[in-house]
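Me: I would like to go through this model and ask, for each label attached to it, what the label rests on. Please set each value against its cut-off before you conclude.

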Amino acid sequence: MQIRPATIADQQAIIALEMTIFKDMELPLLSQLSNQEIQDLLYQVAIADSNSRCSYQRAQVAVENGEVLGVMFGYPAQDEPILDQTFQQFLLEKYGIDELVFPDSEVYPNEWYLDSLVVAETARGKGIGGQLLAASDQLAQVVDLPVVGLNVDDQNPQAQRLYERVGFETVGQLMIGQHQYSHMQRSVI
């Protein structure tokens with residue numbers, strides 16, 4: 001198993017994995033566009049704008065035998081305002097949809113924010129998530145941020161226990177979309 005920065009060749013695979021998160025979040029956009037339309041749009045945006053939320057340039061992947069088995073997207077908290085500008089522009093131009101897809105702030109100040117972590121269903125239980133989490137610490141240190149932050153859906157206590165086992169502590173609550181989330185952080189310094 002290799003954990004490495006994603007490449008443009010990984011973009012389709014990582015977007016397909018990311019759709020798992022979008023479904024779990026019950027994004028309203030899923031009722032307006034097909035899964036394929038959303039994936040195509042995310043791909044176009046990711047190629048056009050390296051600052052976008054789902055760009056391969058914001059991702060680390062777990063790869064085995066050339067197959068992407070997991071992906072982690074993240075960014076410094078101060079990048080949150082620019083993440084979805086191109087996506088929103090493309091969404092309006094192509095589909096006439098003017099509502100914000102991600103209207104809620106998800107970050108706390110001065111943290112490297114782990115936006116999402118997804119492991120392919122066939123690869124779960126093999127420690128891939130833990131290896132990707134370890135990579136988030138290194139990314140936070142590179143940009144001189146003292147903590148990694150993430151949000152875990154309160155309806156997913158199994159994930160919350162996993163994060164607690166690897167040193168994350170709940171520091172607050174956030175409402176994101178229709179779900180209540182615990183905001184968790186762990187120190188990397």
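Predicted model: local features only at pLDDT ≥ 70, side-chain atom pairs only at ≥ 80, totals over all residues.

Me: Why is Ile 47 called partly exposed?

Reply: Ile 47, which is found in helix 2 (residues 35–48), has a relative accessible area of 38%. Buried means under 20% and exposed means over 50%, so with its 38% Ile 47 falls in between and is called partly exposed. Leaving out residues up to four places away in sequence, Ile 47 touches Ile 8 and Gln 11.

Me: Why do Asp 137 and Arg 186 count as buried?

Reply: Asp 137 has a relative accessibility of 18% and Arg 186 has one of 10%. The limit for buried is under 20%, and therefore both residues count as buried.

Me: What makes the pair Asp 137 and Arg 186 a salt bridge?

Reply: The closest N and O atoms of Asp 137 and Arg 186 are 3.1 Å apart, and the rule asks for a side-chain nitrogen of Lys or Arg within 4 Å of a carboxyl oxygen of Asp or Glu, so the pair qualifies. The pair links distant parts of the chain, with Asp 137 in helix 4 and Arg 186 in strand 7, 49 residues apart.

Me: Why is no salt bridge assigned to Glu 80, and what does its side chain meet instead?

Reply: Glu 80 lies in the loop between strand 3 (67–76) and helix 3 (85–95) and is buried, yet the nearest side chain of opposite charge, that of Arg 53, is 5.4 Å away. A salt bridge needs the nitrogen and oxygen within 4 Å, so Glu 80 has none. The side chain of Glu 80 does make a polar contact of 2.8 Å with that of Ser 105.

Me: Which residue does Arg 53 pair with in a salt bridge?

Reply: Arg 53 forms a salt bridge with Asp 84, and the closest N and O atoms are 2.5 Å apart. Arg 53 belongs to the loop between helix 2 and strand 2 (59–64), whereas Asp 84 belongs to the loop between strand 3 and helix 3, 31 residues apart. Both Arg 53 and Asp 84 are buried.

Me: How do you know that strand 7 is paired with strand 5, and why is strand 7 described as largely enclosed?

Reply: Strand 5 (residues 147–153) and strand 7 are joined by seven bridges in the antiparallel sense, and because pairing requires at least two bridges, they count as paired. Asp 153 stands opposite Tyr 181 in strand 7. Strand 7 (residues 179–187) is largely enclosed by the rest of the structure because seven of its nine residues are buried. Strand 6 (residues 169–176) is also joined to strand 7 by seven bridges and runs antiparallel to it; these two strands form a hairpin with two residues between them, and Gly 177 in the turn has a positive phi of about 65°.

Me: What makes the buried residues of helix 5 line one face?

Reply: The buried residues of helix 5 (residues 157–165) are Ala 159, Gln 160 and Tyr 163. Seen down the axis of helix 5, they fall within an arc of 100°, so they line one face of the helix. On the other side of helix 5, Gln 158 and Arg 165 are exposed. The cover over the buried residues includes helix 4 (128–142), strand 5, strand 6 and strand 7.

Technical notes: Residues numbered from 1 in each chain as written. Heavy atoms only, no water. Helix = DSSP H or I, 4+ residues; strand = E, 2+ residues; numbered from the N terminus. Buried < 20%, exposed > 50% of the residue type's maximum accessible area, 1.4 Å probe, protein only. Contact = heavy atoms within 4.5 Å. Lys, Arg positive; Asp, Glu negative; His and termini not counted. Polar contact = N/O pair within 3.5 Å; in protein donor to acceptor, adjacent residues only side chain to side chain. Arc of directions from axis to C-beta.
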